[in-house]
Amino acid sequence: MGYESRVYIVKKSNSSDFAQEIAKFNCCKMQEGWTDLFDKQFNGELYADDGNTLIKKDRYGKELKYTDFPTIIAWLEKEVEKDDYRRLKPLLSLLKGFDLSQWTDGEMQIVHYGY
């Protein structure tokens with residue numbers, strides 16, 4: 001198990017750096033290899049719950065990184081078969097519930113945040 005993780009599901013605007021938070025999910029401590037899935041530098045503007053604080057680094061001082069839906073869904077599908085960690089299935093269900101064809105006015109991204 002690694003350090004505590006949260007994922008932000010965001011829609012990054014085509015016309016600006018703004019990343020609209022669609023959902024967030026507290027994963028707590030995830031399996032080894034989880035953070036390696038997030039391999040792209042996040043260059044969007046993501047704001048904390050107060051709506052004013054720009055998040056550039058996580059609580060461990062690491063730059064934010066993101067990945068796409070297929071990468072995380074494939075990893076979660078394999079993990080739920082071998083691990084009964086109670087947060088895996090709800091996260092997988094959440095991600096599978098998105099119809100990405102309805103979100104064409106920006107790029108959907110899954111951003112990792114360590115806390």
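Visitor: At what angle do the axes of α1 and α2 cross, and how close do they come?

Guide: This is a predicted model, so read every value as computed from it. The axes of α1 and α2 cross at roughly 145 degrees. They come within 10 Å. The crossing is left-handed.

Visitor: Which residues of α1 and α2 meet?

Guide: From α1 come Phe69, Ile72, Ile73, Trp75, Leu76, Glu77, Glu79 and Val80. From α2 come Leu88, Lys89, Leu91, Leu92, Leu95 and Lys96. Sort the residues of this contact by kind, and they divide into 10 nonpolar, no polar and four charged.

Visitor: How far is Ile73 from Leu91?

Guide: Their C-alpha atoms are separated by 8.9 Å. Along the chain, Ile73 and Leu91 are 18 residues apart.

Visitor: Now the other helix. Which residues of α2 are buried?

Guide: Start with the general idea. An α-helix has 3.6 residues a turn, so residues three or four places apart point the same way. Now the case here. Helix α2 covers residues 88-96, and Leu88, Leu91, Leu92 and Leu95 are buried in it. Seen down the axis of α2, these buried residues fall within an arc of 100 degrees, so they line one face of the helix.

Visitor: What sits on the face of α2 turned away from the buried side?

Guide: That face carries the exposed residues Lys89 and Ser93.

Visitor: And what covers the buried residues of α2?

Guide: The cover includes strands β1 (4-13) and β2, helix α1 (69-82) and strand β7 (106-114).

Visitor: Is Arg86 buried or exposed?

Guide: Arg86 also lies in the loop between α1 and α2. Arg86 counts as exposed, because its relative accessibility is 64% and the cut-off for exposed is over 50%. From Arg86 to Asn43 the C-alpha atoms are 31 Å apart. In sequence that pair is 43 residues apart.

Visitor: You named Cys28 among the contacts of Arg87. What is the phi of Cys28?

Guide: General idea: most residues other than glycine have a negative phi. Cys28 is not a glycine, yet its phi is positive, about 60 degrees. Look for Cys28 in strand β2.

Visitor: Let us turn to charges. How many salt bridges does the structure hold?

Guide: First the idea. Side chains of opposite charge can pair when their charged atoms come close. The structure holds seven salt bridges. Among them is the pair of Lys24 and Asp49, at 2.5 Å from N to O.

Visitor: Which parts does the pair of Lys24 and Asp49 tie together?

Guide: Lys24 lies in strand β2 (residues 19-29), and Asp49 in the loop between β4 (46-47) and β5 (54-55), so the pair ties together parts 25 residues apart in sequence. Lys24 is partly exposed, at 33% relative accessibility. Asp49 is exposed, at 65%.

Visitor: Which residue forms a salt bridge with Lys12?

Guide: Asp17 does, with the closest N and O atoms 4.0 Å apart. Check the exposure of each partner. Lys12 counts as buried, with 16% relative accessibility. Asp17 is partly exposed, with a relative accessible area of 42%.

Visitor: What is the N to O distance between Lys57 and Glu63?

Guide: Their side chains meet in a salt bridge at 3.8 Å. Lys57 is partly exposed, at 44% relative accessibility. Glu63 is partly exposed, with a relative accessible area of 42%.

Technical notes: Residues are numbered from 1 along each chain as its sequence is written. This is a predicted model: local features need pLDDT of at least 70, side-chain atom pairs count only at pLDDT 80 or more; totals for chains, interfaces and linings use all residues. Side-chain values use heavy atoms; hydrogens and water are left out. Buried means under 20% relative accessible area, exposed over 50%, partly exposed in between (1.4 Å probe, protein chains only). Helices (H or I, at least four residues) and strands (E, at least two) are DSSP runs, numbered from the N terminus. The arc is that of the directions from the helix axis to the C-beta atoms. Contact means heavy atoms within 4.5 Å. Axes are lines fitted to C-alpha atoms, for helices over the stretch in contact, and angles run from 0 to 180 degrees between N-to-C directions. A crossing is left-handed if the near helix is turned anticlockwise from the far one by less than a right angle, and right-handed if clockwise. Ala, Val, Leu, Ile, Met, Phe, Trp, Tyr, Cys and Pro count as nonpolar, Asp, Glu, Lys and Arg as charged, and the others, Gly among them, as polar.
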